[in-house]
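I opened this entry to look up how the ligands sit among their protein neighbours. My notes follow the display.

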Amino acid sequence: MKKKALIFGITGQDGSYLAEYLIKKKYQVHGIKRRTSTPNTSRIDHIFDSVNFNNKDLIMHHGDLSDSGSLYRIINQINPDEIYNLAAQSHVKISFQIPEYTSDVNALGPLRLLEIIRHYKKKKIKFYQASSSEMFGKSKPPQNEKTLFLPRSVYAISKVFAYHCVVHYREAYNLHACNGILFNHESPRRGVNFVTKKIVQGLTRIKNGQQKTLTLGNLYARRDWGHAKDYVESMWKILQHKTADDYVVSTNTSHSVKDFVKLCAKKLNMNIIWKNKGFKEIGIEKNTNRIIIKIDKKYFRETEVDNLIGDYSKAKNRLKWKPRYSFEKLVDDMIKNEF
Ligand code: NAP
Ligand code: GDD
């Protein structure tokens, strides 16, 4: 009999890659879709029959992390072996605008799932929680599993709450519950309001004459960027280890937002000359002498996470996991998809 995996957040970037990965591993995959006024399944339409709402490898259900009843009904109906909770209000900047909603979904959502699993009688369900490097916030890099959480947004605070719930339910009720503390990971399927996708899409459009300027926020924040395809493999590996535990997943390198812009521009044969400082900083394209990069205060956060570099030694040693995509290969893959 096929193992059953239940993915919350299957319509998102990671959920879509994880679904593909698990189908290849011969799982029967179940996914949760929340109600939307227009279809939100574009990332999984290639593996999902949207007319019949399922196929034999991928079965979709309507549900929402803010609705306990739906979570209880779905888990009981499916009787899954593994649950991956990737669902979240995942945008840090937006969490400054909708803090209560962010906390309800990101903090109470996983708590609701853990409570259901705790009382579940049919089998021992393994649980994966999408924790985040954003939890480290102000802690100096490199960050590992022992680094102090000093969150800088309600998004990060909500993830810290969920992280501790996972550890608590493991210790108090012997649940096989694990945290993957994933550093930033991107792909062609990344949401358009995250900085990497915004840069790749913006510069490509400028190159093609479809857009004049790309307006960004803090160019000097540094992130440890990996590829989502590599990172979903770590999620599965985390749940297969006989001991439930928490792992940092990262590349152990860091680049600034400006580095990302520069590399992307170089790959598109655009030569940018930088002028001025602070909010007045601009990027001019040498060939056309036109301003193509501008800065706007509105894209800055009230509190920023300055530098993230993950030390993934534990995942490497125990899970035999390591990233395959370099920073450069990641940018190549994202650009390729725009043409
Ligand atoms: P994403 O593309 O924004 O996907 C989020 C998913 O959650 C979508 O499927 C979304 O559904 C779903 N969702 C949102 N609110 C929900 C609700 N109330 N009930 C049910 N589903 C809901 O995020 P991602 O980049 O794939 O990230 C996956 C997870 O990893 C998130 O929890 C994120 O916080 C965490 N994380 C991400 C990164 C990263 O760099 N990508 C790093 C560390 C941790 P819709 O499609 O309907 O919006
Ligand atoms: N989104 C965005 N838009 N960010 C910008 C912009 C812009 O125009 N300009 C500069 N930035 C900077 C942000 O201030 C931040 O320092 C950095 O680019 C990355 O921003 P995002 O791509 O929005 O990602 P994030 O690091 O805030 O959060 C992502 O990674 C977390 C893991 O550390 C998300 O995927 C989270 O869900 C995830 O937990």
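I began with ligand 1 in this predicted model, where a backbone N or O atom of Gln13 lies 3.0 Å from an oxygen atom of the ligand. I then looked up Gly12, and found that a backbone N or O atom of this residue lies 2.9 Å from an oxygen atom of ligand 1. For Arg190 I noted a side-chain contact, with a polar atom placed 3.3 Å from a nitrogen atom of ligand 1. On its own ligand 1 has 900 Å² of accessible area, and the protein covers 90% of that.

Next I asked which elements give two or more residues to the shell around ligand 1. I found helix 1 (13-24), helix 4 (99-118), strand 5 (126-132) and helix 5 (154-173), and of these strand 5 gives the most, with three residues. I counted 25 residues around ligand 1, the nearest being Thr11, Asn40, Asp64, Ser90 and Tyr155; the shell divides into ten nonpolar, ten polar and five charged residues.

I turned to ligand 2, which 23 residues surround, with Ser132, Ser133, Tyr155, Arg301 and Glu304 as the closest. I recorded that a polar side-chain atom of Tyr155 lies 2.5 Å from an oxygen atom of ligand 2, and that a side-chain N or O atom of Arg223 is 2.8 Å from an oxygen atom of this ligand. Val195 contributes through its backbone, with an N or O atom 2.9 Å from an oxygen atom of ligand 2. Taken alone ligand 2 exposes 720 Å², of which the protein buries 95%.

Terms used. Residues are numbered from 1 along each chain as its sequence is written. Chains are lettered from A and ligands numbered from 1 in the order in which they are written. This is a predicted model: local features need pLDDT of at least 70, side-chain atom pairs count only at pLDDT 80 or more; totals for chains, interfaces and linings use all residues. Side-chain values use heavy atoms; hydrogens and water are left out. A residue is near a molecule or strand if one of its heavy atoms lies within 4 Å of it. A polar contact is a pair of N or O atoms within 3.5 Å; within protein, one must be able to donate a hydrogen and the other to accept it, and residues adjacent in sequence count only if both atoms are side-chain atoms. Accessible areas come from the Shrake-Rupley method with a 1.4 Å probe; for residues, only the protein chains shown count as cover. Helices (H or I, at least four residues) and strands (E, at least two) are DSSP runs, numbered from the N terminus. Ala, Val, Leu, Ile, Met, Phe, Trp, Tyr, Cys and Pro count as nonpolar, Asp, Glu, Lys and Arg as charged, and the others, Gly among them, as polar.
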